[in-house]
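The following note sets out a number of points for a colleague who is about to examine the model. Please read each point with the coordinates open.

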Protein chains: 2
Amino acid sequence: MENIIKILQKYNIQPSYQRIKILEILDKKREHMNVNMIYDELSKEIPTISKATIYNTVNAFVEKGLVNCLTITPEEARYDFDITPHHHLLCKKCGKIIDVHVKCPYTESMEIDGHRIEEIRGYFKGICKECLSHETL
Amino acid sequence: MENIIKILQKYNIQPSYQRIKILEILDKKREHMNVNMIYDELSKEIPTISKATIYNTVNAFVEKGLVNCLTITPEEARYDFDITPHHHLLCKKCGKIIDVHVKCPYTESMEIDGHRIEEIRGYFKGICKECLSHETL
DNA sequence: TTATAAAATTATAATTATTCCAATTATGGA
DNA sequence: TCCATAATTGGAATAATTATAATTTTATAA
Ligand SMILES: [Mn+2]
Ligand SMILES: [Mn+2]
Ligand SMILES: [Zn+2]
Ligand SMILES: [Zn+2]
């Protein structure tokens, strides 16, 4: 809680009650939630919370560089509190989005073919470990 | 034209007039078009064409593995007739989506952390060569 | 503490991308 | 040609997201 407030302040975001709660959830559940998942979870604690607030808040978080927005699923945006460089696997079976920690030879900032690259996102699709284990049963 | 028909047949897609025209456009314009761009372009030739047809068609193309669907822009899907493995740069300035040909150590099929990887998409964000050159003027 | 201005939240409307569906039209083979 | 099937079409439905305007909360100064 105190910790979360410090993080918000560090990123120049006024730590309002709902902003704190939203960031807390993103921190606790590292499952790359979408707006509806955040909303369903938060509604339990704050029944009056509005989806507009969640949209506003995650947009602000992304804007300020506090969380990353993933577009691995075509339907809706996912949010990731872990902003250290890593990639993601979308499991075709269970739909979960799982961190993939592979060393990438391309660093965050570089030049390729004369273009200036500032951000890299690796999106993988396949079958996750857990689903594979069920398959063999 | 004949060529396009052969490709459709090879992928087990009945070569109807609109399907041929849609694939022709994706072949001619390699700019990773979205449905609206395809629609605007095609409307000139086929004023009666429906967006539903374009959605149906590109979905079928993706389903059959004839084109790739890119989710680099969060707003809408982009379609790429070039299915050879390559990555993409979204220019933050002009919005163009540009092919990035870098060697990736991760091949199409592999195992990572026990997960089975079947597809890899590298999405880069930055400033394209052309926009950089304008910047220095 | 109270007043007040600014900021945040909320409910709702609007927008946009996409899918669904039912009616119409085109197509390929008997 | 006739018919069954497939493809196309327009419009309605759905879903994600943004915009807007009213309300509530917060920060701060009198
Ligand atoms: Mn992650
Ligand atoms: Mn491409
Ligand atoms: Zn899985
Ligand atoms: Zn550019």
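1. Buried means under 20% relative accessible area, exposed means over 50%, and partly exposed lies in between, with a 1.4 Å probe and the protein chains only. By this criterion A:His115, with a relative accessible area of 8%, is buried. The residue belongs to strand β6 (residues 115–127) of chain A; strands (E, at least two residues) and helices (H or I, at least four) are DSSP runs, numbered from the N terminus. Leaving aside neighbours within four places in sequence, A:His115 is in contact (heavy atoms within 4.5 Å) with A:Met110 and with residues of chain B, among them B:Leu89, B:Ile98, B:Ile127 and B:Leu132.

2. On conventions: this is a predicted model, in which local features need pLDDT of at least 70 and side-chain atom pairs count only at pLDDT 80 or more, while totals for chains, interfaces and linings use all residues. Residues are numbered from 1 along each chain as its sequence is written, chains are lettered from A and ligands numbered from 1 in the order in which they are written, and side-chain values use heavy atoms, with hydrogens and water left out.

3. How are the two copies related? Chain B is superposed on chain A by a rotation of 180° with 0.0 Å of shift along its axis, at an RMSD of 0.0 Å. The two copies are thus related as by a two-fold rotation axis. The superposition is by least squares on the C-alpha atoms of residues with pLDDT of at least 70 in both copies. Within chain B, B:Gly122 comes closest to the axis, its C-alpha lying at 2.3 Å. Because 100% of the interface residues of chain B are also interface residues in chain A, the copies meet through the same surface.

4. The manganese ion (ligand 2) is coordinated at 2.1 to 2.3 Å by B:His32 (NE2), B:Asp80 (OD), B:His86 (NE2), B:His88 (NE2) and B:Asp99 (OD). The donors follow the spacing H-x47-D-x5-H-x1-H-x10-D along the chain. Distant parts of the chain are linked by one pair, 67 residues apart: B:His32, in the loop between α2 (17–28) and α3 (35–45) of chain B, and B:Asp99, in strand β4 (residues 97–100) of chain B. B:His32 is buried at 2% relative accessibility, whereas B:Asp99 is partly exposed at 24%. Donors are N, O and S atoms within 2.8 Å of the metal (3.2 Å for Na, K and Ca); water is not among the atoms, so sites may look incomplete.

5. DNA strand D is surrounded by 17 residues, the closest being A:Tyr55, B:Ser16, B:Gln18, B:Arg19 and B:Thr53; a residue is near a strand if one of its heavy atoms lies within 4 Å of it. A phosphate oxygen lies 2.4 Å from an N or O atom in the side chain of B:Ser16, and one lies 3.0 Å from a polar backbone atom of A:Ala77.

6. Most residues other than glycine have a negative phi. A:His32, however, has a positive phi near 60°; this residue lies in the loop between α2 (17–28) and α3 (35–45) of chain A and is buried at 2% relative accessibility. B:Asp113 also has a positive phi, of about 50°. B:Asp113 is found in the loop between β5 (110–112) and β6 (115–127) of chain B and is partly exposed at 46%.

Conventions: Polar contact = N/O pair within 3.5 Å; in protein donor to acceptor, adjacent residues only side chain to side chain.
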